[in-house]
Amino acid sequence: MTRTLDRPVARRAERKGLSEGKKAERKLGWMLCAPAALVMLAVTGYPIVYSVWLSLQRYDLRFPDQRQFIGIDNYVTVLTNSYWWMAFGVTTLITVISVAIELVLGMALAIVMHRTLVMRGLVRTVALIPYGIVTVVAAFSWRYAWTQDTGYLADLFAPGAALLTERVPALGIIILAEVWKTVPFMALLLMAGLALVPDDLLKAASMDGASAWQRFVKVTVPVMKPAILVALLFRTLDAFRVFDNIFVLTNGAQQTGSVSMQTYNNLIKGLNLGIGSTMSVLIFLAVALIAFLFIKVFGTAAPGGADERKR
Amino acid sequence: MAEIVLDKVTKRYPDGALAVSDVDIEIADGEFLILVGPSGCGKSTTLNMIAGLEDITDGELRIDGQRVNERAPKDRDIAMVFQSYALYPHMSVRENMAFPLRLAKVDNQTVNQKVDEAARILDLTQHLDRKPANLSGGQRQRVAMGRAIVRDPKAFLMDEPLSNLDAKLRVQMRTSVSKLQKRLGTTTVYVTHDQTEAMTLGDRVVVMRGGHVQQIGSPQFLYEQPANLFVAGFIGSPSMNFLPATLENGGLSTPLGAFPLTDRIRLLVEGANAPREVIMGLRPEHFEDAALVDGQSTTFEATVDVLESMGSDKFAYFTVEGETATSAELEELAADAGSADLTDSGAQIVTRLSAASAAKQGTPLDVWFDADKVQLFDPADGRNLTYSG
Amino acid sequence: MAAIGTAAPAGAKARWALIDILVVVYALVPVLWIVSLSFKTKETLTDGNFVPRSWTWQNYVDIFNTTEFIRALVNSIGIALIATVIAVVLGTMAAYAIARLEFPGKRALVGVSLLIAMFPQVSLVSPLFEMERGLGLFDTWPGLILPYITFALPLAIYTLSAFFREIPWELEKAAKMDGATPAQAFRRVIAPLAAPGVFTTAILVFIFCWNDFLFAISLTSTEASRTVPAALSFFTGSSQFEDPTGTVSAAAVVITVPIILFVLFFQRRIVAGLTSGAVKG
């Protein structure tokens with residue numbers, strides 16, 4: 001008896017499942033995402049794991065016979081190395097200073113692009129050039145600008161000084177090059193935030209007696225805070241990877257190398273895969289920490305994060 | 001042409017929320033059926049389940065006797081008109097209307113012939129080569145209708161198709177939708193939150209609330225014989241007046257005074273096993289200026305708060321001292337109308353008096369009401385104690 | 001008040017014009033400088049003048065006479081184009097699914113691509129260097145195309161899903177009701193509407209690939225796959241003892257031209273693309 005009763009029930013339960021439409025939708029979703037997911041996993045997922053594995057080995061391509069598993073020795077080597085910490089300090093310095101300047105200039109440029117009464121198209125077009133130009137090209141432009149004899153800026157501060165060969169001025173020029181290139185990108189992100197501030201809100205504030213500066217600080221900035229945080233997050237993570245400008249401007253000489261430069265030197269020039277990978281992992285951890293701080297402490301809404309999902 | 005049957009259709013979302021519960025509706029071939037109710041009542045979900053745009057959690061949906069729960073929308077042969085019209089912005093009007101036919105791989109000649117015919121019916125012929133962005137709201141609406149009718153589907157589903165139009169155009173389009181449906185004779189399910197649209201368009205109206213069907217019937221029947229307090233309050237504009245009342249030895253004591261029940265009502269109430277405390281409902285048109293009625297017995301005197309003269313008749317608003325009628329249904333209706341937090345002392349009453357009335361704002365008036373049109377409801381569950389359907 | 005009012009007095013206009021010129025100068029000076037250098041003759045190269053005193057095409061003639069530069073240019077164009085096409089195709093598919101369809105694993109995908117977008121590229125250089133040597137991909141086109149696709153995909157997916165989200169949902173439902181399969185709804189309704197977004201994304205991705213330097217110098221070793229940015233840093237001029245400044249500048253100008261063209265013709269789209277994906281969150 002129970003058997004004969006069970007059957008129709010089971011069939012019904014089966015029918016109750018997803019309709020053809022929903023099933024097709026699922027399948028299509030997977031099919032469409034699979035290639036992108038596979039490429040991303042193959043070219044990043046696996047290498048990340050692999051680089052952690054490499055970082056636990058002594059592996060110098062000049063001495064392949066000595067390859068062996070050494071646990072965290074590489075980490076000890078790197079973390080007790082003064083050059084690493086120097087590079088880390090330089091990277092942090094460049095990141096903090098350039099992002100701070102970019103925020104101020106980017107906001108100014110964003111307001112100009114958003115509010116200008118004349119030549120708006122021209123300003124927006126021209127501002128995109130630094131964003132689009134190849135970093136290496138811009139870096140060469142700055143290098144030649146400050147090179148003795150050749151450059152139009154070489155004698156700006158002290159005639160005859162080779163600024164790119166002195167540590168502090170060289171860092172200044174690196175930051176200048178970084179800032180010049182990325183202010184427009186920052187400005188574009190902030191401009192999108194500015195567009196979210198309703199004009200009526202500003203009108204209301206000015207009716208309430210707020211000056212232009214008060215309107216900016218008390219109304220505009222709080223309303224566009226999410227946009228500011230996202231822009232800061234993007235740029236901080238990006239600035240921490242600084243490489244191209246340093247490579248062209250100083251090649252890391254006079255202790256101006258970033259962590260990325262150090263990694264590159266150990267890996268491609270030194271052919272020391274173990275140490276190079278260790279540095280890779282450490283940079284990854286540092287970047288993850290920065291992202292974590294932004295998201296947890298400042299409450300930055302990561303794109304595609306919680307906010308986005310709700311929609 | 002088709003008959004659509006919803007058999008205990010239920011929609012439960014993965015998070016457990018019950019959107020539609022055990023809906024039983026039989027839609028006859030060629031019928032114009034309206035689903036009406038406040039927002040969130042499940043009417044759109046029901047429509048989407050018929051369309052196949054949402055899954056049916058439980059129950060069965062049959063079109064012409066065949067179970068279609070698992071069929072994709074494209075295999076149900078149903079056309080839909082959306083609230084936003086959902087016209088393809090990159091296609092001309094002609095291409096928009098031809099799209100379903102092209103998908104069905106109909107040959108070119110037939111496509112053109114059908115599109116031209118639909119355009120003629122809908123008066124769109126001179127707009128066929130324009131893009132939707134260049135059309136007015138009313139024209140877009142007609143293109144959406146055109147796209148639905150070219151295929152000659154088994155049924156039309158319309159999801160608030162007129163709610164994006166301005167008031168005047170909405171009334172015009174209401175008539176043309178109705179004419180078009182009669183002309184084509186295609187089974188139509190129409191969702192709206194507007195009870196006027198529901199009353200004027202439908203062969204039958206389904207009133208929904210909180211995922212449950214409250215009552216199904218012809219517009220006139222729903223108006224005269226609401227099954228419960230919710231339907232009574234939802235259908236009709238201005239809506240029915242509600243007052244608390246007490247049943248005492250064959251009579252009714254109300255804020256308007258005590259009066260005996262008519263024989264018809266007494267029989268119904270006795271059969272309905274009514275409680276002592278009830279809610280009395282009276283439609284505005286069942287009041288009249290006492291000076292214009294002969295041999296009246298049920299009258300009361302009150303001061304006219306506001307008088308709106310419509311020409312053909314006059315709406316007089318009164319405040320009746322005492323408690324107001326309370327029930328879950330009435331609160332929900334008030335919330336839907338957006339008047340939940342309007343606090344008034346005493347109950348508001350709307351009356352429709354004939355144009356000959358001498359009522360004046362701010363002055364007292366003797367008002368008569370038709371005691372035989374009184375409807376009584378149970379405050380606990382909202383059921384109509386005088387229901388004779 | 002000037003910032004809010006709609007009326008624009010002449011004074012405000014003049015003020016804005018001045019500020020605008022400042023922005024233009026800011027953006028153009030380094031570009032004009034490299035252009036200027038590229039046109040200077042060998043004799044005037046070291047005069048430090050912003051505008052060349054004597055003009056010459058010689059630097060351009062020189063670089064187009066070296067196989068080193070021609071090879072690098074071909075590599076740059078080929079690699080960037082192929083990577084762009086693949087990344088945009090894959091990104092379009094994934095972004096459509098993310099913006100439009102419900103399926104398990106969607107959040108994981110969004111999370112992973114977000115992670116990659118923030119990922120320090122240098123962290124991948126070590127393992128990729130080792131893996132590509134093992135697979136024989138080192139110093140080949142695919143060896144660069146693969147990482148470019150990977151890092152361009154998050155950009156493509158974000159930008160595109162932002163564009164896709166702006167297409168009204170009901171259109172797809174309407175297409176389904178009109179008898180379309182999900183694939184047909186994508187091809188005939190969503191894809192044509194998304195074309196501008198796809199095009200914008202392609203420009204952004206191309207700029208990204210065109211720009212890359214780190215992978216280009218780490219994963220290549222010869223002319224076989226070295227792109228222009230990488231080649232620039234190895235430029236030594238036509239002979240060992242010659243100052244390469246002029247030729248480097250000329251090569252730099254050549255690879256800047258496409259960027260300038262994109263910016264000139266597609267300014268609006270680039271701005272829309274850059275801002276839509278990033279700030280909506």
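Along its principal axes, the C-alpha trace of chain C spans about 75 × 70 × 30 Å. The UniProt record, an unreviewed entry, lists residues 16-35, 72-96, 108-129, 141-164, 185-208 and 248-266 of chain C under "transmembrane region". Two of these stretches can be set beside the model. Residues 16-35 of chain C are 100% helix and 0% strand, with end C-alpha atoms 28 Å apart. Residues 141-164 of chain C are likewise 100% helix and 0% strand, and here the end C-alpha atoms lie 31 Å apart.

The mean pLDDT of the chain is 85, with 92% of its residues at 70 or more. Helix α3 (residues 67-100) of chain C has the highest confidence, at a mean of 92, and helix α4 (residues 106-117) of chain C the lowest, at 81. Where pLDDT is low, predicted coordinates should not be read in detail.

Chain C meets both of the other chains. Its contact with chain A takes 102 residues from chain C and 104 residues from chain A. The area buried between chain C and chain A is about 9100 Å², and carbon and sulfur atoms give 77% of that area. Across this interface of chain C and chain A, zero salt bridges are found. With chain B, 16 residues of chain C are in contact with 24 residues of chain B. Chain B and chain C bury about 1800 Å² between them, 67% of it on carbon and sulfur atoms. One salt bridge is counted between chain B and chain C: Arg147(B) pairs with Asp178(C), the closest N and O atoms being 3.3 Å apart.

The unreviewed UniProt entry annotates residues 4-235 of chain B as "domain: ABC transporter". Over residues 4-235 of chain B, the model is 36% helix and 25% strand, and the end C-alpha atoms are 25 Å apart. One open sheet of chain B has six strands in the order β6-β7-β8-β3-β9-β10, with mixed pairing. Its edge strands are β6 (78-81) and β10 (212-217) of chain B, each pairing on one side only. From one strand to the next, the twist in this sheet averages 20°. Strands β3 (residues 32-36) and β9 (residues 204-209) of chain B pair in the parallel sense over four bridges, and Leu33(B) stands opposite Arg204(B) in β9(B).

Another open sheet of chain B has five strands, ordered β13-β12-β11-β14-β20, and its pairing is antiparallel. Strands β13 (257-260) and β20 (375-377) of chain B stand at the edges with a single partner strand each, so one side of each has no neighbour in the sheet. Neighbouring strands of this sheet are turned by 35° against each other on average, direction ignored. Strand β11 (residues 241-248) and strand β14 (residues 277-282) of chain B pair in the antiparallel sense over six bridges. Within β14(B), Ile279(B) is the bridge partner of Pro244(B).

Over all chains, the structure holds 32 salt bridges. One of them joins Lys43(B) and Glu160(B), with the closest N and O atoms 4.0 Å apart. Lys43(B) lies in helix α1 (residues 43-51) of chain B and Glu160(B) in the loop between β7 (155-159) and α5 (167-184) of chain B, so the pair ties together parts that are 117 residues apart in sequence.

Two details of backbone geometry complete the account. Most residues other than glycine have a negative phi, and most peptide bonds are trans. Ser237(B) and Pro238(B) are joined by a cis peptide bond, with omega at about -5°; Pro238(B) sits in the loop between α8 (229-234) and β11 of chain B. In chain A, Asn251(A) has a positive phi of about 55° although it is not a glycine. Asn251(A) is found in the loop between α11 (244-249) and α12 (259-269) of chain A.

How values were computed
Residues are numbered from 1 along each chain as its sequence is written. Chains are lettered from A and ligands numbered from 1 in the order in which they are written. This is a predicted model: local features need pLDDT of at least 70, side-chain atom pairs count only at pLDDT 80 or more; totals for chains, interfaces and linings use all residues. Side-chain values use heavy atoms; hydrogens and water are left out. pLDDT is the predictor's confidence in each residue, from 0 to 100. Helices (H or I, at least four residues) and strands (E, at least two) are DSSP runs, numbered from the N terminus. UniProt positions are given in the numbering used here, feature names are shortened, and annotations may be inferred rather than shown by experiment. Two strands pair if DSSP finds at least two bridges between them. Axes are lines fitted to C-alpha atoms, for helices over the stretch in contact, and angles run from 0 to 180 degrees between N-to-C directions. Contact means heavy atoms within 4.5 Å. Buried area is the accessible area (1.4 Å probe) that two parts lose on being put together, summed over both. A salt bridge is a side-chain nitrogen of Lys or Arg within 4 Å of a carboxyl oxygen of Asp or Glu.
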